[in-house]
Amino acid sequence: MSEIFILKANTVCVSGHREIGKDLDIKLLKKIFENLIDNGVDTFLIGMAVGFDTLCFQILEDIRKQKQIKIIACIPCLSQADRFSFEQKKEYDRLLSVADDKVLLSREYTPSCMQKRNMFMVDNSACVVCYLNKNKGGTYNTVKYAEKKGVPVINIVQ
């Protein structure tokens, strides 16, 4: 993984729960991404977790076939996928292989590496697209951090 340049004004990150409920409108999520791209966004930071992150990567991967965008995998630690199921790990490896760039926040797992990854993504983004339907957990903390930093948040949950 080499050093990369991220232009914050053209970058959006995503954050969401691992478990996706029926309150997630995939068509709306795709439309939000397309609208952001039409308004100058060309780079997306993805935290590579199971669930919302993976879904966003897959949607953006499809959009990337028609639009020139970059998908950057933001990896909290090298062991991120160790507890994923076989199928989840297989998809994680595939997504890493097609990411335009990768950012590794910590070689080793630490109690704060996920939070550091989330803060890195917010600090390098003009906006956060999230799937937040509960007031606890990593996504909740990421949204609160974004709000504190004055970074706009688009919550896909209506």
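**Sheet and helix packing**

A: In this predicted model, strand E5 (residues 127-131) and E6 run parallel and are joined by three bridges.

Q: Which residue stands opposite Ile 154 there?
A: Val 129 stands opposite Ile 154 of E6.

Q: What's the strand order in the sheet?
A: The order is E4-E3-E2-E1-E5-E6, in an open sheet of six strands with parallel pairing.

Q: And which are the edge strands?
A: Strand E4 (101-104) and strand E6 (153-155), each of which pairs on one side only. From one strand to the next, the twist averages 25°.

Q: Which strands does helix H1 lie across?
A: Helix H1 (residues 26-38) lies across strand E1 (11-16), strand E2 (43-46), E5 and E6. H1 runs at about 175° to E5.

Q: What about H2, what does it lie across?
A: H2 lies across E1, E2, strand E3 (70-75) and E5, and runs at about 140° to E1.

Q: Switching to helix pairs. At what angle do H2 and H3 pack?
A: Helix H2 (residues 52-63) packs against helix H3 (residues 86-98) at about 45°, and their axes are 11 Å apart. That angle makes H2 oblique to H3.

Q: Left-handed or right-handed crossing?
A: H2 passes H3 in a left-handed crossing.

Q: Which residues meet?
A: From H2, Thr 54, Phe 57, Gln 58 and Glu 61; from H3, Glu 91, Arg 94, Leu 95 and Val 98.

Q: How do those divide into nonpolar, polar and charged?
A: The residues of the H2 contact with H3 comprise three nonpolar, two polar and three charged.

Methods: Residues are numbered from 1 along each chain as its sequence is written. This is a predicted model: local features need pLDDT of at least 70, side-chain atom pairs count only at pLDDT 80 or more; totals for chains, interfaces and linings use all residues. Side-chain values use heavy atoms; hydrogens and water are left out. Axes are lines fitted to C-alpha atoms, for helices over the stretch in contact, and angles run from 0 to 180 degrees between N-to-C directions. Helices (H or I, at least four residues) and strands (E, at least two) are DSSP runs, numbered from the N terminus. Angles under 35 degrees count as roughly parallel, over 145 as roughly antiparallel, 65 to 115 as roughly perpendicular and the rest as oblique. A crossing is left-handed if the near helix is turned anticlockwise from the far one by less than a right angle, and right-handed if clockwise. Contact means heavy atoms within 4.5 Å. Ala, Val, Leu, Ile, Met, Phe, Trp, Tyr, Cys and Pro count as nonpolar, Asp, Glu, Lys and Arg as charged, and the others, Gly among them, as polar. Two strands pair if DSSP finds at least two bridges between them.
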